[in-house]
Amino acid sequence: MQYHLAIKYLPHDTPMVMIQDVHLIDEENCICSVNVSKNGILAPFLTPQHTLSNVYVIELMAQTIGVWNGYHGLKNNHQCQLGMLLGGRAIKMELAKFETDSTLMIHAKLVLTDTKLANFDCQISVDDVTVATGKLNVYEPDHLELEQLVSRK
C-alpha cells in the first residue's frame with residue numbers, strides 16, 4: 001500500500017513535523033521513519049555536530065501515534081485531530097544521540113484504547129537494532145475540551 005508523507009496525517013505544521021515516511025498502518029500498528037540529515041526535516045533540532053539528541057525520542061514516538069490516529073481519522077472522513085501525550089512509562093534509551101545519516105524506524109503498536117484514551121508500545125530502531133522503547137499514554141480531546149484547555153489563562 002502507498003501512504004502519504006507523515007505530515008498529511010498530522011495536525012502539525014513545518015518545522016514541528018519530525019517524522020517523514022510512512023511504511024505501514026493497520027488496525028494496531030504504525031511504522032514511520034526519518035533520516036537524520038543536516039538538510040532534512042530534523043535539521044532545526046540537530047546539534048552543531050548534526051546529530052539528534054535522544055531527548056526527542058518521546059516526540060518521535062508520539063508523532064508516530066499521531067500518524068496512526070490521523071490515518072484512521074481520514075479513512076473515516078474526519079480531519080486530523082490534535083492529540084495529547086499524557087505520559088510515558090518504561091522509557092529506555094540505548095543511545096545519547098542519533099548520528100548523521102542514520103535512519104530512525106519508529107514503530108507504535110496499539111495496546112488498548114477506548115473512545116479517547118489509548119496506550120501504545122513504541123520502539124525506535126537503527127539498522128534493525130532497537131535503540132529506544134517506551135509505553136505512551138495519549139488522549140484525544142474533543143473540540144470543546146480543546147477550546148477550554150487553550151482558553152485557560
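Glu27 is exposed, with a relative accessible area of 52% (buried means under 20% relative accessible area, exposed over 50%, and partly exposed in between, with a 1.4 Å probe and protein chains only). The model is predicted, so local features need pLDDT of at least 70 and side-chain atom pairs count only at pLDDT 80 or more, while totals for chains, interfaces and linings use all residues. Residues are numbered from 1 along each chain as its sequence is written, and side-chain values use heavy atoms, with hydrogens and water left out.

Six salt bridges are present in the structure, a salt bridge being a side-chain nitrogen of Lys or Arg within 4 Å of a carboxyl oxygen of Asp or Glu. One of them joins the side chains of Glu27 and Lys75, with an N to O distance of 3.6 Å. This pair links distant parts of the chain, 48 residues apart: Glu27 is in the loop between strand E1 (21–25) and strand E2 (29–35), and Lys75 is in helix H1 (residues 57–75). Helices (H or I, at least four residues) and strands (E, at least two) are DSSP runs, numbered from the N terminus.

A salt bridge is also formed between Glu28 and Lys109, whose closest N and O atoms are 3.1 Å apart. Here too distant parts of the chain are linked, with Glu28 in the loop between E1 and E2 and Lys109 in strand E6 (residues 103–113), 81 residues apart. Both side chains belong to partly exposed residues, Lys109 at 34% relative accessibility and Glu28 at 40%.

Asp121 and Lys135 meet through their side chains in a salt bridge of 2.7 Å, N to O. Because Asp121 lies in strand E7 (residues 117–126) and Lys135 in strand E8 (residues 129–139), the pair ties together parts that are 14 residues apart in sequence. Asp121 is partly exposed at 29% relative accessibility, and Lys135 is partly exposed with a relative accessible area of 29%. Salt bridges with shared partners join Lys116, Asp142 and Glu145 into one network.

An open sheet is formed by six strands in the order E1-E2-E6-E7-E8-E4, with antiparallel pairing; two strands pair if DSSP finds at least two bridges between them. E1 and strand E4 (84–93) stand at the edges with a single partner strand each, so one side of each has no neighbour in the sheet. On average, neighbouring strands of this sheet are turned by 20° against each other, direction ignored. Axes are lines fitted to C-alpha atoms, for helices over the stretch in contact, and angles run from 0 to 180 degrees between N-to-C directions.

The antiparallel pairing of E4 and E8 extends over seven bridges. Met84 has Tyr139 in E8 as its bridge partner. H1 packs on the sheet and touches E1, E2, E4, E6, E7 and E8; the direction of H1 makes about 60° with that of E8. Contact means heavy atoms within 4.5 Å.

The count of disulfides is zero, a disulfide being a pair of cysteine sulfur atoms within 2.5 Å. For Cys32, the closest cysteine sulfur is that of Cys30, at 3.7 Å, which is too far for a bond. Cys32 is buried, at 0% relative accessibility. Cys122 is likewise in no disulfide, with the nearest cysteine sulfur, in Cys30, 9.6 Å away. Cys122 counts as buried at 5% relative accessibility.
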